[in-house]
Amino acid sequence: MEKINDKVVGQDILFVSTKNKEYIRNQQEIKLLKKNAKSYSEIVFSEKAYFTRLLKVYLACMKGMWKQADMIYVGFAPQLVLPFLKRWSQEKYVVVDFFISLYDTFVFDRKYFKEGSVAANILFRIDKLTLERCDYVIVDTQADQKYFSKTFQVPMGKTEVMYLEADSDIYNLQKYKKEKMKVLYFGSVLPLQGVDVILKAVRMLKGHTDIAFTIIGPLKDTGGLGRKRYPNAVFYKWLPQEKLAEQIASADLCIAGHFSTGIEKAKRTIPGKAYIYESMKKPMILGDNEANRELFQEDSMHFYVEMGNAGALAKKIIEIKEQEKI
């Protein structure tokens with residue numbers, strides 16, 4: 001069966017995404033399209049405010065540059081674009097990256113709406129309409145592929161798994177010097193990541209003065225976390241990509257996840273950070289689930305712990321250190 005790499009060869013491609021251009025998935029797909037397409041153009045913006053980016057995407061789409069394309073490739077959140085641009089599906093070959101389901105994210109992941117509610121049903125319909133109006137669907141794991149196919153009745157032959165890839169030009173170990181005995185975690189602190197499990201493990205290990213943690217992410221009050229509670233940790237609310245890459249390069253062990261047990265999506269998705277750690281050849285601890293095991297075999301670089309178990313995570317960190325696996 002023809003894959004996405006073959007589908008874009010010789011085509012005039014328009015890439016559209018509501019996420020900023022630097023986003024890991026955007027960068028991966030832009031590289032793929034530029035490498036294989038006959039010509040490439042894009043509607044992608046980097047404004048910090050999501051609403052501003054979305055508005056600029058709509059305005060650009062209305063100008064009609066899509067008419068010159070053979071194929072329209074809609075990246076992050078095609079649900080916010082494709083349902084409102086019916087002519088695209090009627091006149092062009094449309095590929096979407098169904099990286100997230102609005103229905104799954106807001107009902108089961110973030111729990112903003114109850115299953116069966118009016119809002120949940122609207123989100124379900126938007127997801128389904130998006131999948132019906134495109135010709136080909138990109139997903140991030142086989143587990144999500146099965147879930148979307150079953151939930152939204154998408155034929156498996158219409159879908160393709162494209163695992164994330166970190167930008168090796170940035171996340172390259174050779175660019176950075178390595179420090180000693182540092183355990184690192186970074187994330188956007190979404191519920192499915194299970195950051196509470198990680199922080200609990202950090203507290204459990206506060207007596208191990210030879211283990212230093214670096215936690216990067218928008219926790220609600222990093223200053224208020226206190227040195228007494230986390231004497232073994234340094235917190236950053238966020239860092240630019242280059243600075244983040246430096247921090248990862250200096251780490252001995254990285255924490256990937258996901259660790260939440262209350263959100264099913266956590267079991268079906270591979271953390272984006274895992275691809276970054278892999279690109280930088282860093283050993284990592286992963287949550288033991290179906291999606292992670294699609295790509296990562298347990299070995300001297302990939303360690304598994306039970307999801308939701310802070311004690312198991314703390315124990316694994318000590319075990320890795322004592323056995324000099326890092």
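Student: What makes the meeting of the Asp288 and Arg293 side chains a salt bridge?

Tutor: A salt bridge needs a side-chain nitrogen of Lys or Arg within 4 Å of a carboxyl oxygen of Asp or Glu. For Asp288 and Arg293 the N to O value is 2.7 Å, so the pair counts as a salt bridge. This is a predicted model, where local features need pLDDT of at least 70, side-chain atom pairs count only at pLDDT 80 or more, and totals for chains, interfaces and linings use all residues. Residues are numbered from 1 along each chain as its sequence is written, and side-chain values use heavy atoms, with hydrogens and water left out.

Student: Why is Asp288 called partly exposed?

Tutor: Buried means under 20% relative accessible area, exposed over 50%, and partly exposed in between (1.4 Å probe, protein chains only). Asp288 has 37%, so Asp288 is partly exposed.

Student: Why is Tyr23 called buried?

Tutor: The relative accessibility of Tyr23 is 19%, so Tyr23 counts as buried.

Student: How many aromatic pairs does the structure hold?

Tutor: There are 17 aromatic pairs. Rings of Phe, Tyr and Trp (its six-membered ring) pair if their centres lie within 6.5 Å; planes under 30 degrees apart count as stacked, over 60 as edge-to-face and the rest as tilted.

Student: Why is the pair of Tyr23 and Phe99 called edge-to-face?

Tutor: The ring planes of Tyr23 and Phe99 stand at 85°, with the centres 6.5 Å apart, so the pair is edge-to-face.
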